Amino acid sequence: MSERESGTWSRSKPLSRALAAPVRAMNRFLGTADGHADGAGPRNTGNAVVDCGVYAAGVRLPGHFTPDEALQLACSRDDAFVWLGLHEPGEEEMTAIAKTYGLHELAVEDAVKAEQRPKLENFGSVHFLAMRTAKYVPHGELTETSQVVETGQMMIFIGEQFVITVRHGDASELGTVRADLENERAVLLEQGPWAVAYAVTDRVVDHYLVVADQVEADLDIIEEGVFTRGAGSPIQAIYQMKRELVEFRRAVVPLQRPLATIVAIVPKRIGKYFRDVQDHLTRTVEQVSSFDDLLNSILQARLAQVTVDQNNDMRKIAAWAAIATVWTAGAGVYGMNFRHMPELDWLYSYPAWWAIILGVSVLLYRALRRNGWL
């Protein structure tokens, strides 16, 4: 078992203190300030590194650090930890970070591929949480090709003195989460890496609620279109909405079990925050389930409408065919080449034929109209 897995790696060591002391001294000499003090934001220390900060007692330490320097500085203090934020890292960069922070190779592979089902795994002293993010895509009109929900991936590595967030996609950006923790919720930040994990999870689930509300508005429009006379929504658009809802469901529903596990293993002081996130997730799951049932009902109602419309069309065709049969029968009788037909010698036979045919046609039309066939 490695030092990291045995739990002794994260203790303060003379070597780490010796390496971290020159870093702090150089920061004081250069007069570097907190990256948020001047509004310029943190320095991007790599292609995938969005931000790398060291926090002690709920306060971000001044200066800019590489991931290696940040971990060395955090290990030199008992109350410090690193928050390393990554956006779509490549395999080489993620492997280098994994060597520095002691991440398991299987979790690193999951973080790079970003095709994971929501889950929580434990690799020694490091927990790995995978979630799917969701974002509503605005659209003017729902069609068979409209994208309604865009999903991404969020992975979190939670160690004793570090938390690494890996984001894939544009949903659930974390800049405002970091700023809120640093400026408004320093007391929560004092509780360490799990506090960051809570804030990130809370942001992801809050976006679920936003997407659910906007999807509900789309379903109301579809339902209104289906039950508005003469303005039925096309079946292709309803089916596309069902597919988008399935994708959203795959992001929301599987997250219930990992959250329940987190509530059971984290300290009580942070567990109450995760229970609040769990409540919000439960609400979203209930909404998604009701949306699925409603969309199935809408689809069945639309299919029934299509069947009724087809039956109505067939009845109209049959009604007009019945009227046409009167003319066909009259023409067929008088088209026969019989020599002895008494009415042929009658002066008014031709007008009488027209009068009989038109009369029968009008009577038949009125009868079919009264019965709803025309």
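Let's start at Ala-195, which is found in helix α8, residues 193-227. Helices here are DSSP runs of H or I with at least four residues, strands are runs of E with at least two, and both are numbered from the N terminus. This is a predicted model, where local features need pLDDT of at least 70, side-chain atom pairs count only at pLDDT 80 or more, and totals for chains, interfaces and linings use all residues. Residues are numbered from 1 along each chain as its sequence is written, and side-chain values use heavy atoms, with hydrogens and water left out.

Is Ala-195 buried or exposed? Ala-195 has 0% relative accessibility, so it counts as buried. (Buried means under 20% relative accessible area, exposed means over 50%, and partly exposed is in between, using a 1.4 Å probe and protein chains only.) Setting aside its neighbours within four places in sequence, Ala-195 is in contact with Leu-188, Leu-189 and Ile-270; contact means heavy atoms within 4.5 Å. Arg-269 sits 74 residues away from Ala-195 along the chain, yet their C-alpha atoms are separated by 9.8 Å.

Now for the whole protein. There are twelve helices and seven strands, and 43% of the 374 residues count as buried. Take the contacts between residues at least 6 apart in sequence: 68% of them join residues at least 24 apart.

Next, two helix pairs. Axes are lines fitted to C-alpha atoms, for helices over the stretch in contact, and angles run from 0 to 180 degrees between N-to-C directions.

| Helix pair | Axis separation | Angle |
|---|---|---|
| α11 (residues 268-334) and α12 (residues 349-370) | within 9 Å | roughly 165° |
| α4 (residues 91-101) and α5 (residues 105-113) | 10 Å | about 145° |

The angle between α11 and α12, roughly 165°, makes α11 roughly antiparallel to α12. (Under 35 degrees counts as roughly parallel, over 145 as roughly antiparallel, 65 to 115 as roughly perpendicular and the rest as oblique.) The crossing of α11 and α12 is right-handed. That word applies if the near helix is turned clockwise from the far one by less than a right angle, while anticlockwise gives left-handed.

Which residues meet here? On the α11 side they include Trp-320, Ile-323 and Ala-331, and on the α12 side Trp-353, Trp-354 and Tyr-365 are among them. The residues of this contact divide into 16 nonpolar, two polar and no charged. (Ala, Val, Leu, Ile, Met, Phe, Trp, Tyr, Cys and Pro count as nonpolar, Asp, Glu, Lys and Arg as charged, and the others, Gly among them, as polar.) Ala-331 counts as partly exposed, at 46% relative accessibility.

Over at α4 and α5, the crossing is right-handed too. Glu-91, Met-94, Thr-95 and Ala-98 of α4 make the contact with Val-108, Ala-111 and Val-112 of α5.

Finally, the rings. A pair of aromatic rings is described by the distance of the centres and the angle of the planes. Rings of Phe, Tyr and Trp (its six-membered ring) pair if their centres lie within 6.5 Å; planes under 30 degrees apart count as stacked, over 60 as edge-to-face and the rest as tilted. The count comes to twelve aromatic pairs. Trp-353 is buried at 17% relative accessibility, whereas Trp-354 is partly exposed at 33%.
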